[in-house]
Amino acid sequence: MLGLMQDRPLLISTLIDHAARYHSDVEIVSRTCEGPTVRTNWRDLSKRIAKLANALKSMGVKPGDRVASLAWNTHRHVELYFAVSGIGAILNTVNPRLFPEQVDYIVNHAENRVLFFDITFSGLVAGLQSKFRTVERYVALTDAGHLPPDVDGVLAYEDLLAPEPDTVEWPVLDERTASALCYTSGTTGNPKGVLYSHRSTLLHSFMVCTADGFRLSSADSVLLVVPLFHVNAWGIPYAAAMCGAKLVLPGPKLDGKSLFDLAAEERCTFSLGVPTVWLGFFQHIDSTPGIDTSALRLERVVVGGSAAPRAIIERFRGLGAFVIHAWGMSETSPVATVGNLLPRHRDLPEKEQVDVQVRQGRVVYGVELKIVDENRNPLPQDGTVAGDLYVRGPWVTSGYFKGVGGNMLDEDGWFPTGDVAKIDADGYVVLTDRSKDVIKSGGEWISSIDLENAAVAHSDVQEAAVIGLPHSKWQERPFLIIVPKPGTAPSREEILGFLSERVAKWWLPDDVAFVSELPHTATGKLQKTKLREQFRDHILPVNQTSHS
Ligand code: ADP
């Protein structure tokens with residue numbers, strides 16, 4: 001027997017309608033690429049969204065068509081989020097930090113018909129225009145006065161919106177209709193498309209707003225540092241409309257000073273970003289004598305995308321903000337685990353609370369996790385054994401766009417994340433490695449992430465990477481590469497001495513190198529494939545630390 005509840009579909013258009021109606025005066029603050037800061041609110045934003053939806057239809061964009069964006073976090077990019085998906089088309093947010101060949105690949109693979117871009121990317125677009133086989137219209141996210149001269153046939157976004165009516169009748173779509181398309185950064189091979197649906201997006205948004213999720217609510221002013229081109233900005237635009245949070249959009253300026261000033265001026269209570277962004281934030285604080293941090297109102301800061309270093313968690317505590325360490329991937333919408341404390345952690349000493357926070361967070365309802373051994377047999381979730389991490393749930397991908405990669409799921413529908421992790425009885429996850437980065441020393445696994453975390457705790461270390469290098473006796477041994485903080489010159493011995501008090505003796509790296517910078521992917525992750533290439537010929541000293 002079926003239930004008798006109304007079968008109203010979960011649609012992205014309902015989010016913006018709700019925000020416009022019941023959180024109408026809540027502000028959206030946007031730093032534009034042209035320079036000025038635009039202040040609007042959910043009501044006025046929804047009118048512009050309606051105009052954009054009408055403009056898209058006038059241009060001939062049909063349900064199922066793909067529309068690309070190459071853009072920073074601004075109000076116009078948020079408008080695209082709602083208008084494109086609202087009419088049943090699919091927004092493909094392309095990461096402008098990718099190599100031009102990858103942008104070319106993605107735009108063609110997705111078969112985008114229209115490309116919306118920020119004027120800062122006009123050079124990139126102009127250079128690739130002859131290669132984009134399917135793009136019929138180019139729209140610069142600006143007004144007629146700032147149109148880039150180098151892109152052929154370009155239209156100004158504001159001109160496109162101006163003549164259109166500011167109301168729209170949203171179509172009632174099947175909630176499983178595709179809404180957005182993000183390509184994984186693909187450190188190896190071509191990027192692969194993850195195709196989200198209205199349903200998956202709304203379920204993910206509900207989770208973001210729960211108390212054991214990000215606790216997003218109408219009380220929040222959100223500094224959205226994570227880019228709108230990075231896995232849906234971790235779901236925040238949708239969730240912010242759901243709960244009526246204020247959005248503060250930093251535009252192209254993601255340096256420490258700009259973020260600090262915005263957070264202070266807009267009384268931001270909540271923010272999200274990858275660890276490198278926060279390193280810049282604290283560098284700004286450290287290098288500005290007499291800086292007044294008392295205007296900051298940050299209560300919660302989500303750190304994800306890469307492991308949140310202990311130092312960042314502690315520094316935010318010093319500012320009165322709690323770091324919510326989260327884990328996920330493009331394939332999981334992206335949020336799958338969220339690092340809140342349980343009641344029994346509340347009275348622990350600060351150091352022990354931080355021990356909980358450095359874990360990658362706790363599984364949220366809606367996501368199931370398992371770890372398996374090399375024969376795919378399930379491993380116990382007791383916090384001690386590490387295994388390949390698999391995930392399942394209504395906001396987890398069932399396969400890549402256009403069938404790339406074939407069927408990725410195992411026989412029970414689990415998706416292999418490529419991460420290696422431990423899970424404890426409370427559902428906290430500790431990520432020990434990417435499976436391809438695991439260091440196997442004498443048949444035992446050494447976690448490169450643990451070693452990196454231990455190294456960045458040293459006061460002179462800005463960033464650290466650990467890779468495995470071949471070893472005649474142990475097959476592979478850890479090799480530590482360090483970027484020292486400006487003005488410091490730590491020695492190999494000092495670093496190894498520091499680590500020896502923090503990790504097992506047989507985990508101690510066999511050698512240390514110092515470099516001025518480390519290679520990163522377009523989403524700020526360490527690019528270990530590059531490092532392995534760079535240090536391919538490095539010979540580890542013999543008779544070094546061994547298993548004992
Ligand atoms: P993107 O590069 O666009 O973020 P991916 O989906 O490729 O997209 O990145 C997902 C991967 O990032 C995860 O599989 C994991 O290896 C890594 N990652 C994400 N969050 C964390 C975290 N909190 N700690 C360590 N690694 C993380």
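Strands E12 and E13, the latter covering residues 300-303, pair in the parallel sense over four bridges. Two strands count as paired if DSSP finds at least two bridges between them. Helices (H or I, at least four residues) and strands (E, at least two) are DSSP runs, numbered from the N terminus. Across this pair, Phe270 stands opposite Arg300 in E13.

Before I go on, a word on the source. This is a predicted model, in which local features need pLDDT of at least 70 and side-chain atom pairs count only at pLDDT 80 or more, while totals for chains, interfaces and linings use all residues. Residues are numbered from 1 along each chain as its sequence is written, and side-chain values use heavy atoms, with hydrogens and water left out.

Back to the sheet. It is open, has nine strands with mixed pairing, and runs in the order E2-E1-E11-E10-E12-E13-E14-E15-E16. At the edges stand E2 (37-41) and E16 (362-363); each has a single partner strand, so one side of each is left without a neighbour in the sheet.

Within the sheet I will pick out Ser271, which sits in E12 (residues 270-273). Is Ser271 buried or exposed? Ser271 is buried, at a relative accessible area of 0%. Buried means under 20% relative accessible area, exposed over 50%, and partly exposed in between, with a 1.4 Å probe and protein chains only. Not counting residues up to four places away in sequence, Ser271 touches Leu223, Val225, Trp278, Leu298, Arg300, Val301 and Val302, where contact means heavy atoms within 4.5 Å. A polar atom of the Ser271 side chain lies 2.8 Å from the backbone oxygen of Leu223. A polar contact is a pair of N or O atoms within 3.5 Å; within protein, one must be able to donate a hydrogen and the other to accept it, and residues adjacent in sequence count only if both atoms are side-chain atoms.

Now the ligand. Which residues come nearest to the ligand? Of the 18 residues around it, they are Ser185, His230, Asp419, Arg434 and Thr523. Near means that a heavy atom of the residue lies within 4 Å. The side chain of His230 has an N or O atom 2.6 Å from an oxygen atom of the ligand. His325 places a polar side-chain atom 2.9 Å from a ligand nitrogen atom, and for Lys525 the distance from such an atom to a ligand oxygen atom is 3.0 Å. On its own the ligand has 580 Å² of accessible area, and the protein covers 91% of that; the areas come from the Shrake-Rupley method with a 1.4 Å probe, and for residues only the protein chains shown count as cover.

Strand E14 (322-328) and strand E20 (429-434) each supply at least two residues of the shell around the ligand. The largest share, four residues, comes from E14.

Next, helix H8. In H8 (residues 236-243), eight of its eight residues are buried. Just after H8, Gly244 has a positive phi of about 75°. In the loop between strand E10 (221-224) and H8 is Trp234, a residue other than glycine with a positive phi, near 55°. Trp234 is buried, at 7% relative accessibility.

The peptide bond from Ser333 to Pro334 is cis, with omega near 10°. Pro334 lies in the loop between E14 and strand E15 (335-338).
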